Amino acid sequence: MSPKRSDRLNAMSGKRTHSHQPRSNRPRPRPVPPLLLGAAGVAAALLAGQVLPLTPLVNPRYFPTTSAVLAALADDLARAEFWRALADTMTAWAAGLAIAVAAGAALGILIGSLPPVRAATASTIEFLRPIPSVALVPLAVLLFGTRLPSTLLLVVYAAFWQVLVQVLAGVRDVDPVAADTAKSLRLTKWQRLAHLAWPTALPYLMTGVRLAATVALVLAVTAELVIGSPGLGHEIAVAQTSGAAERMYALILVAGALGVAVNLGVRALEREVLAWHPSVRGEAR
Amino acid sequence: MIVLVRKALLVLGLPSVLFALWWFASAGSTSFYFPPLSEIVAEFGETWTAERWREDVLPSVARLGAGYAASCAAGVALGLLIGRVRWLFHATEPVLEFARAVPPPVLVPVIMLFAGIGDGMKVAVIISGCLWPILLNTVAGVRSVDPVQLDTAAAYRLGRFRTLTAIVLPGASPRIVTGMRQALAIGVILMVISEMFAAQSGLGFAIVQFQRSYAIPAMWSGILLLGCLGAALAAVFACVDRAVLHWYHRQRTEEA
Amino acid sequence: MLEVAGIGRDYRVDGEVHTAIDALTFQVAEGELVCVVGPSGCGKTTLLRMCAGLLAPTRGAALVDGREVDGPPEDTAVVFQEYGRSLFPWMRVGANVELPLKRLGLTRAQRRERVAEALRLVDLEGKERVWPWQLSGGMQQRVAIARAIAFRPRLLLMDEPFAAVDAQTRADLEDLIRDLWARLGITVVFITHDIDESVYLGQRVLVLSSPPTTLRAEVHIGLGPERDQLETRSSPAFAKLRGQVWAEIQAAKRGET
Amino acid sequence: MLEVAGIGRDYRVDGEVHTAIDALTFQVAEGELVCVVGPSGCGKTTLLRMCAGLLAPTRGAALVDGREVDGPPEDTAVVFQEYGRSLFPWMRVGANVELPLKRLGLTRAQRRERVAEALRLVDLEGKERVWPWQLSGGMQQRVAIARAIAFRPRLLLMDEPFAAVDAQTRADLEDLIRDLWARLGITVVFITHDIDESVYLGQRVLVLSSPPTTLRAEVHIGLGPERDQLETRSSPAFAKLRGQVWAEIQAAKRGET
Amino acid sequence: ACGGDESDDGGVDTVSVGVIPIVDVAPVYLGIEQGFFEARDIEVELTEAQGGAAIVPGVAAQEFDFGFSNITSLLLAQSSGLPVEIVANGVASTGVEGEDFGAVMVPADSPIQTAADLATATVAVNTLNNIGDTTIRESVRLDGGDPSDIGFTEVAFPDMPAQLSAGNVDAAWAVEPFKSMIEAEGGRPVAWNYVDAAPDLTVAAYFTTSQLSQEDPDLVERFSEAIAESLQYATDNPDAVRDILGTYTDINPDIRAALTLPAFPAEVNRDSVERLAELGEADGIFENPPDVDALLP
Ligand SMILES: Nc1ncnc2c1ncn2[C@@H]1O[C@H](COP(=O)(O)OP(=O)(O)OP(=O)(O)O)[C@@H](O)[C@H]1O
Ligand SMILES: Nc1ncnc2c1ncn2[C@@H]1O[C@H](COP(=O)(O)OP(=O)(O)OP(=O)(O)O)[C@@H](O)[C@H]1O
Ligand SMILES: [Mg+2]
Ligand SMILES: [Mg+2]
């Protein structure tokens with residue numbers, strides 16, 4: 001491991017410097033790497049999934065044990081259709097997320113930094129936000145049929161608001177002294193957006209991306225499930241209507257694992273773009 | 001007075017314009033699924049009678065309230081814990097991310113296995129969606145509290161509990177409130193979704209029934225109602241926000 | 001160049017109106033270096049923010065080049081009292097200093113050079129790639145100063161810019177400011193709490209009263225253009241001026257009129 | 001009371017290790033008032049944070065009452081250099097000052113009284129109901145000082161606590177600290193950039209070198225317990241000590257050893 | 001959508017059909033496999049949707065040329081003004097009590113013994129105000145019970161076995177393969193609602209829009225014929241049906257071998273459709289009375 005990287009990992013896992021922890025020239029206990037901790041958490045969850053169905057609480061027929069689910073998963077992994085479905089879902093997800101994040105971030109920064117626009121659009125945004133994507137299914141089908149745009153419409157509609165609301169809150173977070181500084185430097189409107197509003201909103205946006213990433217995944221799968229466009233969701237629907245619980249849970253496991261992978265990606269991105277932020281720079285102040 | 005008029009204009013201006021656009025654009029519509037707005041509005045009064053409010057809307061809103069309140073409490077409590085305790089953060093993150101990525105249509109049957117099919121299940125479904133924005137924002141907020149403020153709290157040995165309640169919680173509150181704002185709309189959406197399963201009444205149930213029985217204007221009126229509900233809740237939320245975070249907003253608006 | 005005409009500012013604290021600055025009138029000629037002193041909380045920062053177009057006056061106005069200030073005037077640099085918060089934590093030191101240069105139409109290399117030079121002048125040579133929060137308080141303050149001087153403004157407004165640096169560095173920075181001022185002919189308004197500093201630096205020292213603030217006294221510093229940390233400061237004229245300013249401030253604090 | 005034993009601290013800047021403090025060893029006896037001076041960026045704040053248990057040393061240790069510091073020690077108050085950021089913007093001034101008192105088992109009335117008294121001592125009487133961000137820089141700094149003295153600590157660590165106040169107020173606060181110290185027998189470590197202040201206040205002045213920092217000199221101030229702003233400062237002994245500290249700092253800055 | 005624009009000149013028409021991936025649509029898969037569509041110059045593109053929410057608007061928007069839906073849903077659509085027309089039969093009840101593909105099931109230890117006992121029970125149906133509850137009410141009525149107090153609850157078919165076993169509902173109206181799954185758990189049938197509703201009840205059918213049937217009657221005709229042939233083939237070769245289930249569903253092979261197949265008559269039973277319309281009207285699920293003549297071919 002490069003020194004830089006190991007330092008980062010330490011920074012991530014080391015306790016805050018002010019905690020009541022023995023320190024000094026005594027060797028400090030090596031912190032457990034976060035990945036290991038995460039793996040331990042996953043292992044615990046899987047174990048719970050194995051044990052729970054063996055108790056009288058739930059019926060293993062409807063809530064299969066982890067081992068049964070993993071066996072079904074192994075079958076799936078060997079099938080080409082599974083990988084095709086996965087690719088379809090990922091396509092819808094990635095495209096939908098990209099559109100939602102780009103539109104949400106751009107509009108959020110724009111609306112957020114123009115107070116009159118913000119005031120004028122607030123009520124409309126709040127009106128549109130709670131409309132469930134699932135209620136739009138017939139409309140999506142009517143407009144785009146069962147093809148990709150249909151799924152995209154639902155994905156973007158759901159994920160967009162998450163990003164927008166986060167960015168709007170982030171733009172509002174600009175430090176008053178920093179704002180004064182920018183003004184006194186006579187930064188242009190664009191410079192102020194790029195150098196003040198955007199970096200301030202960035203931590204908010206990152207949370208928005210993490211929220212939107214999973215919402216997009218959820219909606220991509222749901223849309224496939226309901227509309228029947230090809231993808232993981234459709235596979236889940238088939239398993240569901242066939243009463244194949246093991247396979248259904250195996251597919252859910254895949255959806256969940258995608259969520260975890262997506263999160264890892266966003267975390268890595270966060271470490272890069274938020275290196276300056278207290279939440280990331282962590283130790284060694 | 002002028003202030004009030006200005007405010008009303010700001011709140012109602014854009015919605016009125018959009019409404020008018022929709023009205024005229026759909027005026028001659030013969031599409032089955034996109035009826036004229038005039039028809040939807042006429043249907044609105046007929047559909048959402050006092051009885052429907054009593055039987056469908058209010059119970060739904062009550063479940064929403066319960067689920068939302070529980071999500072706020074759980075999200076903030078968990079978020080504070082996870083945000084402060086590093087190893088817990090790393091140990092729970094993948095599992096939580098996993099849970100977050102399970103789509104409601106497959107999650108709800110699982111919840112039904114454990115929580116039955118009554119109100120408890122529906123509240124649980126609402127929580128399963130509302131929790132995440134609050135939790136994620138709380139964790140992010142806790143982790144971005146000003147280090148100097150944390151040092152101050154530590155130097156005066158405020159103690160875990162007081163540091164949490166007097167420093168970390170208010171320090172993270174702008175983020176927490178953002179999460180709660182997000183969750184509000186998600187709660188309404190999950191309220192509808194929860195009523196697509198094992199329901200016999202409710203606002204979401206009614207909308208789904210209209211859709212299934214091809215009562216399209218009624219379905220649209222339900223969607224309108226959802227939007228109004230969301231906007232109304234957001235207005236209430238904004239008041240609470242202004243009261244709780246007045247120190248935050250005033251610092252940013254009072255000067256200049 | 002800068003004219004302050006009957007300027008005043010009220011703040012509203014919990015519904016009650018509190019007059020921070022009652023009325024101030026003075027002029028700063030082109031190329032002048034004026035120091036402002038006054039008791040803590042008398043409204044120096046408020047005055048500076050009004051001159052910089054960051055705060056609207058309640059009464060009167062500030063004029064730059066005869067035009068009423070209603071937004072930050074062109075070619076003006078401000079060093080804020082809260083130096084830490086005025087640096088952008090998401091930019092490294094170099095980027096922070098370079099930011100205002102971006103709209104001056106300089107080439108990249110020119111900007112680089114100016115940044116390097118400004119950092120060298122404040123004794124932070126080679127710190128371009130460091131983050132602001134990796135610096136000590138005094139170093140952060142010097143970055144803020146470097147940003148202002150790299151910009152080469154016509155009007156330089158400074159709010160206690162040397163509060164966090166050690167005595168030796170402070171002396172060096174004082175000489176730096178006097179040197180830049182003399183060489184480039186800029187106009188400087190300099191807020192300080194250090195009486196010696198105000199006398200050493202300024203051509204004129206404005207002493208403000210306690211709130212509601214008015215101009216208590218205006219001390220002309222006839223020390224001549226050539227000043228030296230050892231010689232000037234130990235001269236009898238310096239001691240006399242120093243005593244004069246000190247007496248005015250004490251009187252101001254006691255609330256005499 | 002406070003013992004610093006071979007303490008050192010490295011920072012990692014972009015992968016490179018940078019030694020801020022090499023090794024420092026000194027003691028502060030119970031009831032002593034020690035001033036620390038040194039060039040900007042030499043590691044004074046770092047030292048103070050290690051003594052306060054807020055930062056782990058890379059080498060060596062700080063000991064309070066013979067126990068190694070591994071977290072903030074009991075009965076210690078800290079005034080931070082970043083005074084503005086150490087006040088909580090969601091609490092009014094009174095609540096900010098009162099907060100540390102909450103775990104001392106005082107009644108509400110007792111707390112109120114202590115807060116009022118502390119604010120009076122720093123010349124902010126009756127400002128309890130004001131928000132911190134409605135105060136000027138110097139007033140904010142005084143709130144932070146009031147918080148520390150209301151707490152009545154055994155060990156008081158102060159990082160340039162008077163940097164933002166005017167000369168007159170500064171003199172008053174200096175006398176306040178000396179008075180509290182003499183009356184209550186507390187131990188004070190006081191970081192400052194003002195050489196006069198260090199000599200006026202301290203029983204001993206520690207002069208730090210430039211990084212990698214070591215203890216450059218230790219100047220004993222034999223001025224006696226009774227000090228007076230006018231008399232003491234104009235005494236020849238004062239001038240001599242002042243010159244001594246000044247020479248050490250200059251040498252430190254030039255990097256002599 | 002790709003209607004029959006380039007027909008007649010010997011070209012092949014591609015039609016898209018929205019189906020639900022369940023036992024009921026096995027004949028279509030068989031028909032494709034056997035080349036019944038190809039023989040009529042039709043290439044079928046199947047889209048497997050979860051239910052009517054996507055299929056009916058899909059057909060209405062001519063995204064699908066044909067769709068598969070149950071009769072009550074089609075009556076509903078027709079009565080609400082959607083111009084849908086049935087073009088071919090889909091699936092029908094076997095008409096034999098004890099051997100149908102759908103029944104109201106209760107757990108082994110349930111006190112409910114007959115349909116009349118359901119009068120005060122909570123009964124799971126896949127969709128409220130649809131074919132399930134109207135026919136179950138009829139069963140209760142026939143058994144001498146009062147159906148007005150039945151507590152119908154929406155539970156998707158796949159969730160029924162679990163909910164029944166968890167005790168969240170007293171009874172569940174299950175179709176294959178879930179009926180077999182409940183039986184495997186020890187559950188037993190208490191009412192045969194399809195059998196009770198009408199003799200040889202037509203449960204579901206293939207439909208299209210009036211627009212398509214007017215624009216391209218030839219294509220509709222050929223599609224109907226192909227479906228009819230497929231239905232006949234399915235009726236004649238039940239084992240082929242069980243086999244083809246393995247290709248588009250995940251039904252476990254044991255259950256696939258044991259489950260009760262529905263009947264696949266080639267013709268829609270008009271009387272039973274009228275009966276369903278009457279039942280629906282009696283239960284007040286239609287806003288306007290449906291026009292059976294307009295719906296049927
Ligand atoms: N978080 C950090 N990361 C990297 N380097 C740091 C960090 N904090 C401080 N340093 C470095 O350590 C050195 C000492 O800093 P410190 O803040 O202790 O100085 P100081 O003596 O308090 O200076 P000043 O008088 O200007 O406040 C400086 O060179 C600074 O750049
Ligand atoms: N936002 C505000 N709201 C209310 N009162 C304010 C606000 N800002 C400043 N004041 C008040 O105005 C007065 C002048 O403040 P200002 O910051 O201008 O003082 P200053 O001369 O810069 O003091 P210092 O030397 O301590 O920095 C103070 O009494 C302060 O409490
Ligand atoms: Mg000020
Ligand atoms: Mg420092």
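Predicted model: local features only at pLDDT ≥ 70, side-chain atom pairs only at ≥ 80, totals over all residues.
Figure 1. For residues 95-117 of chain B, the end C-alpha atoms lie 25 Å apart, and the span is 78% helix and 0% strand. For residues 214-240 of chain B, the end C-alpha atoms lie 40 Å apart, and the span is 93% helix and 0% strand.

**Figure 2. Chain B as a whole.** Chain B has 11 helices and 0 strands, and its pattern along the sequence reads α-α-α-α-α-α-α-α-α-α-α. The C-alpha trace of chain B spans about 70 × 55 × 30 Å along its principal axes, and of the 256 residues in the chain, 57% are buried.

Figure 3. Residues 92-114 of chain A are 91% helix and 0% strand, with end C-alpha atoms 33 Å apart. Residues 204-227 of chain A are 100% helix and 0% strand, and here the end C-alpha atoms are 33 Å apart.

**Figure 4. The second largest cavity, lined by residues of chains A and B****.** The structure has 14 cavities of 30 Å³ or more, and the view shows the second largest cavity, whose volume is about 450 Å³. Its lining is made up of 29 residues, and those closest to the centre of the cavity are Val215(A), Val218(A), Leu219(A), Ile186(B) and Leu190(B). At least two lining residues come from each of helix 7 (148-172) and helix 9 (189-227) of chain A, and likewise from each of helix 4 (86-100), helix 5 (104-115), helix 6 (119-143) and helix 8 (160-194) of chain B. Sorted by class, the lining holds 20 nonpolar, 7 polar and 2 charged residues.

**Figure 5. Two cysteines without a disulfide partner, Cys239(B)** **and Cys42(C)****.** Over all chains the structure holds 0 disulfides. Cys239(B) is in no disulfide, and the nearest cysteine sulfur, which belongs to Cys72(B), is 16 Å away; with a relative accessible area of 45%, Cys239(B) is partly exposed. For Cys42(C), the closest cysteine sulfur is that of Cys51(C), and because the two sulfurs are 13 Å apart, they are too far from each other for a bond. Cys42(C) has a relative accessibility of 0% and therefore counts as buried.

**Figure 6. Helix 5 of chain D and the residue that follows it****.** Just after the helix comes Arg152(D), which takes a positive phi of about 50°.

**Figure 7. Val273(E) in helix 12 of chain E****.** Val273(E) is part of helix 12 of chain E, which covers residues 270-282. Its relative accessible area is 0%, and so Val273(E) is buried. Val273(E) and Pro289(E) are 16 residues apart along the chain, and their C-alpha atoms are separated by 13 Å.

Terms used: Residues numbered from 1 in each chain as written. Chains lettered and ligands numbered in written order. Heavy atoms only, no water. 1 Å grid on protein atoms, 1.4 Å probe; cavity = no way out; pocket = protein on both sides within 12 Å on 5 of 7 lines; lining within 4 Å. Points joined across faces, edges and corners; volume = space filled by probe spheres on them. Helix = DSSP H or I, 4+ residues; strand = E, 2+ residues; numbered from the N terminus. Nonpolar A, V, L, I, M, F, W, Y, C, P; charged D, E, K, R; others polar. Disulfide = S-S within 2.5 Å. Buried < 20%, exposed > 50% of the residue type's maximum accessible area, 1.4 Å probe, protein only.
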